[in-house]
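Student: Could we go through this one together, asking at each step what a label rests on?

Tutor: Gladly; here it is.

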Amino acid sequence: MIATIFDKAAPGKNATSFVAENQVKDIAIDIPDTLLRNGLDIPDVPEIELVRHYIELSRKNYGIDNGIYPLGSCTMKYNPKIDEAIVNMPGFRDIHPLQFLQDEGNSQGILQLLHELQTMLAEVTGMDAFTLQPAAGAHGEFTGLLTIKRHVERQGLGKNKIIVPDTSHGTNPASAAAATFEVIEIKSNENGLVDIEQLEQALAPGDVAGIMLTNPNTLGLFEENILQITSIVHEAGGLCYYDGANLNGLCGVCRPGDMGFDIIHVNLHKTFSTPHGGGGPGAGPVGVKQFLADLLPGPRISNDDGKFHIVMPEQGGFGSIKAFHGNIGVIVRAYCFIKALGLDGLRKSTQCAVLNANYVKECLKDTMCVPYTRRCYHEFVGSDECMPNGVTTEDIAKRMLDLGIHSPTIYFPLIVHGAIMIEPTETESKARLDDLVDIIKRIRKEAEDEPDIVKNAPHTLPVKRLDQVLAARNPVLTVKVLKEMVEK
Amino acid sequence: MDYIPNTDEDIQIMLKQVGVRDLVDLFDTVPQEILLDDMQARKILKSGFLGEHGMTELELKSMAAGLASRNKVCKSIFQGAGCYWHYIPASVDYLVSRGEFWTSYTPYQAERSQGYLQAIFEYQSMITELTGMKFSNASLHDGATSLVDAIIMAQSQNKKRTTIMFAGKINPIYMTAVATALSPRGFTYKHVEPHQVIDNLDESVLAVIACSPDFFGNILDVEAIARAVKERDPNIIVIQCIAEALSLAILKSPGAAGVDIAVGEAQSLGIPMSFGGPSLGFLAVADTKLLHKMPGRIVGATREIAGDGIGFTLTLTAREQHIRREKSLSNICSNEALNMLRAVIHVAALGATGLVQAATINVKNANYLKHQICQLEGFTCMNDASTFNEFVIKVPESAGERIAKACEAQDLLGPLNLGTLNLEWKDMMLFCTTEMNDVASMDRLVNICTEASS
């Protein structure tokens, strides 16, 4: 039976207490009774039980620290522990975001770090100006699209459409819609690349504000016609937005700015190795070419007179996209990662990330269908189409969990039947990759000989396969409702 | 240095298997004119910040320590304004640093992620208890972006209305984020005193946002506002924006006050200030209709397909961008999961007893300081309601600069000079106290103010 933290209650035995000092002990609470609450049903939990409870939960979880985590488009690379030690230095951890207003001199270290990072990101991506404020990749996309919106307004041509390919991340169309653009989806060609003819047709009416692309794309393929694509879009008066989710496939080897992109976001929690933390926090800095710099929301750091300053966008630009200066804790880690590697390390990391993906693809090409056989970059996509006995991608993924590793990203991109998207990253060794390959080969063999083992997986985890339909049809979202469910 | 485990020999074997001569040849589908060779790559390094060869761990640590040493860690902090100095139990840092949590991804594979999923489920249970609402999501970026999302949710209920009304003082930092993020949507923003809400309602009003505690620290009678608004027009969405999640431990919950959506900043629940981020936005709703418009991850309990066991899984994903793409109401993917985990453990470490104690000391410390400062010649309290842990004082002309200077000299972070954010607030200062400010430091601040007034 599941025991939640609410089941560990021992009233009055809470782990952490606070007692008022003598001088304020007798100060009255002057809040009217009608504005106060009656009771608070949060458990008091003794410290030893608190620790055991969450250690136990951690044991029912899996991270890169446990083993390979080949989630495509997620770039689950190793997170260096020195970066944790640094971000926990009091000079980074215990500083208030507005303390610089008392005296700018009291925050020069962090401002220098932000200034260096925004400059390094610009150099590595080939852009001119960066804001570090957006909190995640999608938040960065939204920030970039607001910039495009302002650009379109400045042009006064009323362009209101954004093109996304059918291989794009779901956040691309969602971000475009959130910025009130209309989304046009174009289909990929038989090679898995942008179909130039379709692109030209979509641009023809003259109402396209821009295109969003990730390169390498989500099939792991480099858009070989990228220079032609960006030039066609520019000729039609549109802007080119680069989704940096897949930057790990080319960082330091070529630059989105040189490909003709005008705006880019970078997922610091992917390419620059900050821990994913179970879904965040991330950071999604946005960079632009000079002609858009005055339209970009968010603070930037200047260094004009030997001192660092926070500069907000000028009149006519936007203000902020969230509170304060960005996800600083994430930004500090990414800064450390980039500084540790240097240019040579960044290039070598990219090369090895691409080598690892190609190696796994090569080893598995006779085990699973790989619909696109061109050179892959940081990731590649397989399919369940040639699996015997009706074994599906979901079955394979669950069986991989059973056999002690995490599964790849599944059922994305949508254009591949039963997509299995594998991104090993550069921080996995050949031995780990060989394990991954062996596990998938074993599952293939099981699918032939004893498919029920695969179809009923997992067998070794805390729970068997869960009923997703029931979860959505009958939402049980809190401990109180769970109790009712159990009693039924 | 790098974090690549393969030896040169491994790399050679793998290159052979792939069928290319060297690492550079892997990039054979990149157009030659944009491919950087070793020499060309060096040319992109103009500033010198990014070195060619990187650093050792020892060099990195000492360089970073140098930067950290040029940020002042104040001995006592009297600034809040959206980011708060609170005690974080040692167990919080200890437990969240487990690699199984820290280095995991979004728990897409439920059966291998039961630990994280259960922690999110517990968070949802705690937030619904604290807010008195029915459903909570699994985190948003911060208080400001939560408010943005709440307004977008309100718009989904009523596409024709365009006025957003704020009762009480909204944090101007939130307001900038709202105005920026929602700029393409053509909203009009009205700011009114709490008692003026009803007189200002008309058919254009989409949502009333009751800020409580508000930017000035005021605790509003949200129940009175919600009741009056709903009596006049039940279609108006009432949102409560909460500056400080800790206040929920003692104040009437948004649910009990009758609001539709509760949002706010939960950085005060176990998350370090870190110069303002990463933080934690919470969002909870009162009914099922709004649940299906909620942004972000949601975890539900369910049963095994072939068994009786109960487990947890991400659910109601038909709301989300990876399923609905452009039809999704929100684009959020990465959220602030690890800070959510900090909040769960922090709340559990304090328990109801510790939360109420902490909140109570926050109020008492603020009242102690407020009382002393208000007695000073030329210092006037600007709050017209009870306050939580922040309050605003109008100080004698240019005393603010003297206070700032003296605080800086004594390694205190003094009250926030509101004139730097809004000229209408010239000579007003926003004070904040928490359980961290001891009486001695509060007395020092009183002395500084006394001297600044003379």
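Tutor: Let's start with chain B, where residues 24 or more positions apart account for 74% of the contacts with a separation of 6 or more; two residues are in contact if their C-beta atoms, placed from the backbone, lie within 7 Å. This is a predicted model, in which local features need pLDDT of at least 70 and side-chain atom pairs count only at pLDDT 80 or more, while totals for chains, interfaces and linings use all residues. Residues are numbered from 1 along each chain as its sequence is written, and chains are lettered from A and ligands numbered from 1 in the order in which they are written.

Student: What makes Leu95(B) buried or exposed?

Tutor: A residue is buried if 20 or more other C-beta atoms lie within 10 Å of its own, exposed if 12 or fewer, and partly exposed in between, with C-beta atoms placed from the backbone. Leu95(B) has 24 other C-beta atoms within 10 Å, so Leu95(B) is buried. Its place is in helix α4 (residues 90–96) of chain B. Neighbours within four places in sequence aside, Leu95(B) is in contact with Val51(A), Tyr54(A) and Ile345(B).

Student: And how much of chain B counts as buried?

Tutor: Of its 454 residues, 61%. The C-alpha atoms of chain B fill a box of roughly 80 × 55 × 45 Å along the principal axes.

Student: What makes a set of residues a nonpolar core, and which residues have the most contacts inside the largest one?

Tutor: Such a core is a set of buried Ala, Val, Leu, Ile, Met, Phe, Trp, Tyr and Cys residues joined through C-beta atoms within 7 Å. The largest has 311 residues, and those with the most contacts inside it are Ile331(A), Val208(B), Ile209(B), Ile239(B) and Ile261(B). For Ile209(B), contacts beyond four places in sequence include Ile164(B), Phe166(B), Ile239(B) and Cys241(B).

Student: Why are stretches called helices and strands here, and how many does chain B have?

Tutor: Both are DSSP runs numbered from the N terminus: helices are H or I with at least four residues, strands are E with at least two. Chain B has 16 helices and 15 strands.

Student: How do you know that the span of α6(B) is close to the expected one?

Tutor: The expected span is 1.5 Å times one less than the number of residues. Helix α6 (residues 114–131) of chain B has 18 residues and reaches 25 Å from its first C-alpha to its last, close to the 26 Å expected. As for burial, 18 of its 18 residues are buried. Just after α6(B), Gly132(B) takes a positive phi of about 70 degrees.

Student: What makes β7(B) a partner of β6(B)?

Tutor: Two strands pair if DSSP finds at least two bridges between them. Strand β6 (residues 237–242) of chain B and β7(B) have four bridges, in the parallel sense.

Student: What can be said of the side of chain A that touches chain B?

Tutor: There, 179 residues of chain A are in contact with 177 residues of chain B. Helix α12 (residues 328–364) of chain A gives the most to that side, with 22 residues. By class, the side has 95 nonpolar, 52 polar and 32 charged residues. Ala, Val, Leu, Ile, Met, Phe, Trp, Tyr, Cys and Pro count as nonpolar, Asp, Glu, Lys and Arg as charged, and the others, Gly among them, as polar.
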